[in-house]
Amino acid sequence: MPRELMLDEKTAARNMAEIEPKYSSQEAVVEANRCLYCFDAPCIMACPTGIDIPGFIKKISSGNLAGSARTILKSNILGASCARVCPTSVLCEGACVMLDRDELPIKIGRLQRYATDYVFENDVKIFDPPKKKSGKRVALIGGGPASLGCAAELAQLGHDTVIFEKKEHAGGLNTYGIAYYKLTTETSLKEVELVKSLGIEIRTGVEVGKDIQAKELEQEFDAIFIGVGLGHTYKLDIPGEDLPEVVEALEFIEELHVNPLHEVPVGRRVAVIGCGNTAIDAVTQAKRLGAEHAVIIYRRGEKDMPAYAYEYDIAKKDGAEFVFHAVPVEVLGKDGHVVGLKLARTEMGEDGRLNVIPGSEFELPFDMVIKALGQEKMTDMLKGMFPDLELARNGVIQREPATGQTNIPHIFAGGDGANGGSEVVNAVGEGKKAARAIHRMFTGETVEGPVQWTRIGVVNAKPVGSGLDNPIRVPELETTYSAGGK
Amino acid sequence: MADLSINLAGIKSPNPFWVASAPPSNTAYQCHRAFEAGWGGVVWKTIGEPIVNVSSRYSSIDINGSRMIGLNNIELITDRSPETNFREIKECKERWPDRAIIASLMTDSRESWHDYMKQSADAGADGVELNFGCPHGMCERGMGSAVGQNPDVIETIVGWVMEAAEIPVIVKLTPNITDITYPARAARRAGANAISLINTVKSVTQVDLERMCPEPYVAGKSTPGGYCGPAVKPIALSMVQECASHPEVGLPISGIGGIANWKDAAEFIALGSTSVQVCTAIMHYGFRIVEDMIEGLNDYLDRAGFASVNDLRGKAVDTVQRWESLDLNYKRIASIDYDKCIGCNLCYIACEDGAHQAIALVDPDQKGVGLGPGRLPGRPVPEIKEKECVGCNLCSLVCPVHECITMIDVDNGKEKMSWSDYQEKVAKGEMEPIPAHP
Ligand SMILES: Cc1cc2nc3c(=O)[nH]c(=O)nc-3n(C[C@H](O)[C@H](O)[C@H](O)COP(=O)(O)OP(=O)(O)OC[C@H]3O[C@@H](n4cnc5c(N)ncnc54)[C@H](O)[C@@H]3O)c2cc1C
Ligand SMILES: Cc1cc2nc3c(=O)[nH]c(=O)nc-3n(C[C@H](O)[C@H](O)[C@H](O)COP(=O)(O)O)c2cc1C
Ligand code: SF4
Ligand code: SF4
Ligand code: SF4
């Protein structure tokens, strides 16, 4: 059976509404007032872009919303999307001292959204144009979070920037790849407009390597930033993979961003292969689009799944089902359509390797299969663009972590294409770091900050990575704290 | 069960909790509701020549989301006729003979004071309260705080009142004065039977920055109002204590100002009040709050071993002394309980920027401090520099965790020495002056 349309317009809109709706002004102020305004706050250190969190929260409670948004956006130009998509429970909120007082952490993400929305809704001008122009020009390949973060910082430092994006719109996965109910396409595009308002030129529909050659960019620009992200989803390499109802998770999610919500067809029985955050997004989207069953198929056990606990919770709440310790061995088809999966059981061998148990095959009926096995690296494309560029063994761009500089001095890189696949906030942080390194290369000047008042005076303490330099990944907490909230 | 009943200058009530003269004591209807809820007494909304109020009468201060920390009003005395008020007092007294009803009065001429005194007694009121406190409106007409701010005028008017007094007279004082014992002493000299304090504090709570006009907004203008509620409690407590301590005042006291629960009330009583009066807390939550007051005070008295609320009265008065009598050799320092500390470092920054630079941020590993779930590895923890700590209490006030920073007494082996002792010793050459702080 081909995929079908299951929802009317209203139901689709309801199902795809943002998971965490916007705070009312009262809710925001009450939540902001809970924040203790910690000194040398741990939440800042756990933010990969080093946002002065107590600073922006304090401004919400005084009603200084433009100032609050300015504090956020100065550190993180994509503060609005990060507010919605960051895995806050392992970043800022996971470090909040409230947890130590046995209370829910301050809802930093939702407050951040509240402040940044104010700017979008009221067209507030946040940034002044740079004091002087350097005359230097930087080309950025790819228009995703990494390049946007890099270009915004460069523009504020007085350099001209041009972003080349192959798709119709910039924003990268923010525009096309993040679950719609976390971040709408509109929000991502508004954010792109904010970046543009800094004087950044974005040439969309231009693929570097095809519509324009990397060589030309090297000639025309003083530096290049590579923010190309990652490529297609890995193949299953099993028979039946070519059937029309076998799709990549990313394509499936993208359909929701480029079509009216109720015009995205889905299967009645959907299998999702893989159990990372992308798989969770895909299975959740399938359920929300009206699939009767949406089942994650994962070769290991529940405890081993790479998805965040709160993502897993979302999927479970949406009624997703899970088959653990199983791998697909064949997509079963009939009359040119998917009718099921042949699966085999797995077990952990003595040597710690995962083995398929011979003779354990079984079949389950499905009419749609979504592949969510992770994304391929852009090795060939990068080699084609810059034959001398050094790549790491796993195919990501080799670069100096603190600066993003590659083996070719005027070429920098950041984001998924360099870190192998992380979060939006890491991409922005890396873009920003690279921008500062490029600025130093141009001018010899070192840029730091924004000044974190909260660290001044910490003299005799062992240095702890503050935001940008060394963000901290907080271990996920036991569920006692997640009760009642994310 | 401790005995909660009191007798203030002859006015008896089954417990010390009285409704203050204000909107909650406007009518017989409210008076019945108050007594039904358990209040021991009601001071009737001030009676006088009926006035006309403006619309928009209150404004308030919220702090960090807590509503009405302080309330401001520009309301005048009752807008109902004396006849109505006295008739209703009579009705209420007949229905609630065991409770105290006090008529609050405000007028100008000697004759009319005499007239109101007679009508109060005839209505069966247990006493009267003279409102010399209202800091807005009435003072422009030579009444309220215009009287309360001038001890000579107080003495004259109280003198008139006493000429016609058949029932106890309480003088209600305004805090809008430099030394509260002046009007208190004037009341005493004129023969008043008791004092009550405080009335409201003259105030402007906020300015609306769009309209460029303070609140409460009345057709483009505003006027300073009277401030009350939790925010004024410390001012009221201090004034009550000053009157309780002053040998020339020596009158029973009805304590008023920011009382919202039994603990506030017990504090007023410990500093010398016989009864306490409540307005804002009732305006915020209704008469039902008295339940916690009665129960809480009772349990406290039992716990503390007081058989009667009268045994608590004034118990803390003698501990409040002039600064010069305090022991300069007493030493306390801050101490952090690391099992409770959540790592907000507010103590550090408070002491560093706002006090005596006596807290360091140190390596948690060196200190052997365990990490809680929200704490980042390696993040510095506060440590008290015991030598530098002057024991000011600031960090313990700032710390958001209950009993995480405690102030502990340090035995420095030194004998008690007050400022006066110190002056004397230095004068006699028995000791060197203490060197100034570096
Ligand atoms: C399904 C899914 C869900 C996710 N959910 C979350 C989430 O909830 N929270 C979170 O923080 N992160 C999430 N992420 C991760 C996040 O989206 C990425 O880390 C982030 O987008 C990386 O940004 P980037 O700029 O490096 O790459 P991308 O966002 O991939 O942007 C790269 C851009 O480069 C363009 N490009 C590539 N090659 C060329 C070329 N040759 N010429 C021109 N343009 C080119 C691409 O079209 C694309 O627009 C998710 C990722 C996926 C796949
Ligand atoms: C709206 C309002 C009206 C008041 N009217 C009177 C009054 O008519 N006579 C009077 O003696 N005190 C009046 N007061 C003062 C109260 O009786 C009381 O002294 C003061 O509010 C402090 O107590 P609180 O902190 O419990 O409110 C009024 C207070 C308020 C808020
Ligand atoms: S750690 Fe929590 S309480 Fe402290 S500043 Fe950050 S958000 Fe506020
Ligand atoms: S008591 Fe005062 S001086 Fe001592 S550590 Fe605390 S704030 Fe500093
Ligand atoms: S204020 Fe209290 S909780 Fe915060 S760091 Fe200091 S001792 Fe710890």
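Strand 7 (residues 293-297) and strand 8 of chain A pair in the parallel sense over 3 bridges. Two strands count as paired if DSSP finds at least two bridges between them. Strands here are DSSP runs of E of at least two residues, helices are runs of H or I of at least four, and both are numbered from the N terminus. Within this pair, Val295(A) stands opposite Glu321(A) of strand 8.

A word on the basis of all this. This is a predicted model, where local features need pLDDT of at least 70, side-chain atom pairs count only at pLDDT 80 or more, and totals for chains, interfaces and linings use all residues. Residues are numbered from 1 along each chain as its sequence is written, chains are lettered from A and ligands numbered from 1 in the order in which they are written, and side-chain values use heavy atoms, with hydrogens and water left out.

Chain A has another open sheet, with 5 strands in the order 3-2-1-4-14 and parallel pairing. Strand 3 (201-204) and strand 14 (411-413) of chain A are at its edges, each with a single partner strand, so one side of each is left without a neighbour in the sheet. Neighbouring strands are turned by 20 degrees against each other on average, direction ignored. Strand 4 (residues 223-226) and strand 14 of chain A pair in the parallel sense over 3 bridges. Ile224(A) has Ile411(A) of strand 14 as its bridge partner. Helix 18 (residues 424-443) of chain A packs on the sheet and touches strand 1 (137-141), strand 4 and strand 14 of chain A.

Helix 18 leads on to ligand 1. Helix 14 and helix 18 of chain A are among the elements that each supply at least two residues of the shell around ligand 1. Of the 35 residues around ligand 1, Val85(A), Glu165(A), Leu173(A), Asp416(A) and Ser422(A) come nearest; a residue is near if one of its heavy atoms lies within 4 Å. A nitrogen atom of ligand 1 is 2.7 Å from a polar backbone atom of Val85(A). An oxygen atom of ligand 1 lies 2.9 Å from a backbone N or O atom of Ser422(A). The protein covers 95% of the 990 Å² of accessible area that ligand 1 has on its own, by the Shrake-Rupley method with a 1.4 Å probe.

Chain B surrounds ligand 2 with residues that include Ser21(B), Thr46(B) and Lys172(B). An oxygen atom of ligand 2 is 2.5 Å from an N or O atom in the side chain of Thr280(B). The protein covers 98% of the 610 Å² of accessible area that ligand 2 has on its own.

Definitions and conventions: Polar contact = N/O pair within 3.5 Å; in protein donor to acceptor, adjacent residues only side chain to side chain. Axes fitted to C-alpha atoms, helices over the stretch in contact; angles between N-to-C directions. Contact = heavy atoms within 4.5 Å.
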